[in-house]
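Visitor: I am new to this structure and would like a close look at a single part of it. Please take me through it slowly.

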2 protein chains.
Amino acid sequence: MHWADGFIAVDWGTTNRRAYLIGADGACTREFEDDKGILSVAANGFEAEVAAIRDRLGDGPMLLAGMVGSNRGWIEVPYAPCPAGPEELARRVVRSPDGSAVLIPGVSYSNGRADVMRGEEVQLLGAVATGEIAPDCLVCHPGTHNKWVLMRDSRIQSFRTVMTGELFNLLREKSILSDLLKAEAEPGAAFAAGVDRGLEGSSLAAELFEVRANVLLGRSEREDAAAFVSGLLIGQDVRVGIGQDNALPITVMGRPELTRLYTAALAQAGFVARECDGERAFIAGARKIVELLQ
Amino acid sequence: MHWADGFIAVDWGTTNRRAYLIGADGACTREFEDDKGILSVAANGFEAEVAAIRDRLGDGPMLLAGMVGSNRGWIEVPYAPCPAGPEELARRVVRSPDGSAVLIPGVSYSNGRADVMRGEEVQLLGAVATGEIAPDCLVCHPGTHNKWVLMRDSRIQSFRTVMTGELFNLLREKSILSDLLKAEAEPGAAFAAGVDRGLEGSSLAAELFEVRANVLLGRSEREDAAAFVSGLLIGQDVRVGIGQDNALPITVMGRPELTRLYTAALAQAGFVARECDGERAFIAGARKIVELLQ
């Protein structure tokens, strides 16, 4: 493969994917995002989906990251155990049958507790490579499954996943609280009240029902329920995160509509966190790994 | 209405309903259960559904309890505030437009925290009436929404709801853990390990993801996941419950497949609990309220 002439990098997750065409100079020249996450692709449908990406971004070598390398994806790539840096990932990539694509392993942690990630590792190592995060820091990476990641000496040292986004979506789509959770969660008084409750470490299943009772009994406004529940979940999440390490600098990496909620909750817990754009970090991480493949 | 000649009592919940024909001697002579919970009935469909019950159980007076009296049900009946006994419920019933049915209010609690119940109050007060539970006790009433109820002087003094059943169902039906949660949860080592974790008060959203990681990394058996998650949720639930009062006798009331899981978890927490059949208690409670209506 001639990576030096440019390549395609794909962050292929559970529910969507983002594909980038990276030129010889390392800049992203074309990109697209769609909802063809791995759950929407049949087991034997990945070759066709890869071809569809090529139709749009050309026939350069392709670097695939994320759930596409899981046991529900195209080709299963065994996890790289912690501590994991770019070298550990590059050493464990798996090539596709036709040789035109390379799949990156996820990262596993297993020491008392167990955890896994697929996709976030590229963003994390990219952000270290560009200096956007420090070689030693705590990173919060919100999404469907939020990751709290301890970086040490520019490698992923350990991490803990919290299913905050998925739980919020389940509650919004199918629970008795669905009607109350349609609004967008915004920082504000209701969000802050939820964060306070979450930071206390109270029982999620009990707090959630109380949201409904408070509305039924006219004790709180329907319009505040989504922000309160978001705050409750994120407060509980932050409680887990700062339990990982509370002395290192903290960066929240991801989509701005999520990172601002987490930085607000962290501030309530007494921590100043920086925000960082995960998409740019992914491109930097993909470039870093490609350097090591050449 | 001539209640003394016998009547129909219906426990009409969110997802199913149970209807009983009670004879003049107070014994149940006919009954049925189906999945016509209020969520499956259109707003203007309740008259027809009541008629369908009459087709099966005759045209005696009808006592309706549960979510049928909620704002999503047939006729909204305002809650009776705690403390609430049979007299408080009987005083606040609402008659249907055609006069042939009476709807029982639910019970609300509002004192710092807020909570509501609809349907469980009939079982609770029935169990007190028959002596099956003590006038002063703590009752655990598992189901979609588990209730921990403090009974004082034969009345409902306060209570707290924990959405354990609903969360387990959401996780089983639609989450990333769905595949792992199809098995029936049984008491045993995996359930007990989950209870231990839940009693610690750990973060649900973090623990849940770890279940998946443990299976992916070969650290635990797929077959154990459902029992572990059930134990985790019930352990967190019991932690809330014993926080209500840990000196009173405890009774777990409901369906045997649920009550045995809760008594096992309570035993792990150091509490001996009795089990009690909720269905018989409902009939006793309906009779008690009807006595007061005559």
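Visitor: Which residue is the bridge partner of B:N146 in β12(B), and what surrounds that pairing?

Guide: In this predicted model, the bridge partner of B:N146 in β12(B) is B:V162. That pair belongs to the contact between strand β11 (residues 146-152) of chain B and β12(B), two strands that run antiparallel and are joined by 7 bridges. Between β11(B) and β12(B), which together form a hairpin, there are 2 residues, and in this turn B:D153 has a positive phi of about 50°. Strand β12 (residues 155-162) of chain B has 6 of its 8 residues buried, so it is largely enclosed by the rest of the structure.

For the sheet itself, we can turn to chain A, where 5 strands form an open sheet in the order β12-β11-β10-β13-β14, with mixed pairing. At the edges of this sheet stand β12 (155-162) and β14 (273-277) of chain A, each with a single partner strand, so one side of each is left without a neighbour in the sheet. From one strand to the next, the twist averages 25°. Strand β13 (residues 250-254) of chain A pairs with β14(A) in the parallel sense over 5 bridges, and A:M253 stands opposite A:C276 in β14(A). Helix α3 (residues 120-129) of chain A packs on the sheet, where it touches β10 (137-141), β11 (146-152), β12 and β13 of chain A, and its direction makes about 40° with that of β11(A). Helix α8 (residues 256-268) of chain A also packs on the sheet, touching β10, β11, β13 and β14 of chain A, while its direction makes about 155° with that of β13(A).

Technical notes:
Residues are numbered from 1 along each chain as its sequence is written. Chains are lettered from A and ligands numbered from 1 in the order in which they are written. This is a predicted model: local features need pLDDT of at least 70, side-chain atom pairs count only at pLDDT 80 or more; totals for chains, interfaces and linings use all residues. Side-chain values use heavy atoms; hydrogens and water are left out. Buried means under 20% relative accessible area, exposed over 50%, partly exposed in between (1.4 Å probe, protein chains only). Helices (H or I, at least four residues) and strands (E, at least two) are DSSP runs, numbered from the N terminus. Two strands pair if DSSP finds at least two bridges between them. Axes are lines fitted to C-alpha atoms, for helices over the stretch in contact, and angles run from 0 to 180 degrees between N-to-C directions. Contact means heavy atoms within 4.5 Å.
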